[in-house]
Amino acid sequence: GARIDSLFRPDDRQNLHFTYNYGPVTDIDAIEYSRGAIFADRFSFRYTYNLNQHESAYAELNYNSYDFDNEENGWRIGHSLQIYNSNGRTLRRELHWGRSRFSNQDVPYTSPKLQESVGIEWNWGRDLMHDDTLHHILGINWERDYPDALALDPFYRIEYQRSFSKHQFL
């Protein structure tokens with residue numbers, strides 16, 4: 001796969017973020033597809049406004065073009081609040097709501113006519129040696145792939161971020 005990421009900051013409060021990603025579809029049905037990997041071109045454009053030093057809101061538009069002549073158009077809005085930041089430890093709360101529409105449901109992977117998600121995440125970060133960071137993320141999503149019923153999706157994940165310089169990390 002390939003990824004292009006571009007960030008433009010016209011001032012201290014605003015960010016314009018464009019992302020292009022080409023890679024395999026990670027849906028479980030797509031992974032088990034007997035004829036090989038299924039790929040997608042994914043585009044997103046996000047506008048973020050920093051309300052103050054600890055709080056921001058964003059609006060995002062997405063367009064994805066999948067194999068089998070399927071397209072996804074969607075949007076997402078969200079809010080982030082930095083609750084705590086001291087002595088190399090952080091606590092941040094994220095809220096989001098998003099909807100996507102798919103053009104083709106007759107494909108070998110999950111492709112509902114309408115997909116909706118509302119969720120909250122709590123992210124505890126801890127600085128390690130050499131500007132590395134360990135994140136513990138606890139969240140819950142309420143998701144719906146129409147016409148299916150609403151599903152509750154709680155999750156917990158650990159992320160390790162390795163910093164190489166001011167704007168480069170893995």
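Predicted model: local features only at pLDDT ≥ 70, side-chain atom pairs only at ≥ 80, totals over all residues.
Trainee: What is the chain built from?

Mentor: There is one helix, along with 11 strands. Starting at the N terminus, the order is β-β-α-β-β-β-β-β-β-β-β-β. The C-alpha trace spans about 50 × 35 × 30 Å along its principal axes, and 30% of the 170 residues count as buried.

Trainee: Why is phenylalanine 164 called exposed?

Mentor: Its relative accessible area is 54%. You'll find phenylalanine 164 in strand β10, residues 163-165.

Trainee: And how do you know that aspartate 5 is partly exposed?

Mentor: Check the number again: aspartate 5 has 42% relative accessibility. Buried needs under 20% and exposed needs over 50%, so aspartate 5 falls in between and counts as partly exposed.

Trainee: What makes the pairing of aspartate 5 and arginine 3 a salt bridge?

Mentor: In general, side chains of opposite charge can pair when their charged atoms come close. Here the N to O distance is 3.0 Å. The cut-off is within 4 Å, so aspartate 5 and arginine 3 pass. Arginine 3 itself is exposed, at 53% relative accessible area.

Trainee: How many salt bridges does the rule give?

Mentor: The count comes to six. Another one joins glutamate 116 and arginine 99, with the closest N and O atoms 3.7 Å apart. That pair links distant parts of the chain: glutamate 116 belongs to strand β7 and arginine 99 to strand β6, 17 residues apart.

Trainee: Are glutamate 116 and arginine 99 buried or partly exposed?

Mentor: Take them one by one. Glutamate 116 has 17% relative accessibility, and buried means under 20%, so glutamate 116 is buried. Arginine 99 has 24%, so that residue is partly exposed.

Trainee: Why does the pair of arginine 157 and glutamate 121 tie together parts of the chain?

Mentor: First, their closest N and O atoms are 4.0 Å apart, and they form a salt bridge. Arginine 157 lies in strand β9 (residues 151-161) and glutamate 121 in strand β7, so the pair ties together parts 36 residues apart in sequence. Glu121 and Arg157 also belong to a network of salt bridges with Glu159. At 18%, glutamate 121 counts as buried, while arginine 157 is partly exposed at 32%.

Trainee: Why is there no salt bridge for arginine 93?

Mentor: The nearest side chain of opposite charge is glutamate 55, and that one is 5.7 Å away. A salt bridge has to be within 4 Å, so arginine 93 goes without, even though arginine 93 is buried.

Trainee: Which side chain makes a polar contact with the side chain of arginine 93?

Mentor: The side chain of histidine 79 does, at 3.1 Å. Arginine 93 sits in strand β6, residues 89-102. Leaving aside neighbours within four places in sequence, the contacts of arginine 93 include Leu81, Ile120, Glu121 and Trp122.

Trainee: Which residues make up the largest nonpolar core?

Mentor: Seven residues do: Val25, Ile38, Ala40, Tyr66, Phe102, Val107 and Tyr109. Now look at tyrosine 66.

Methods. Residues numbered from 1 in each chain as written. Heavy atoms only, no water. Helix = DSSP H or I, 4+ residues; strand = E, 2+ residues; numbered from the N terminus. Buried < 20%, exposed > 50% of the residue type's maximum accessible area, 1.4 Å probe, protein only. Core = buried A, V, L, I, M, F, W, Y, C linked by side-chain atoms within 4.5 Å. Lys, Arg positive; Asp, Glu negative; His and termini not counted. Polar contact = N/O pair within 3.5 Å; in protein donor to acceptor, adjacent residues only side chain to side chain. Contact = heavy atoms within 4.5 Å.
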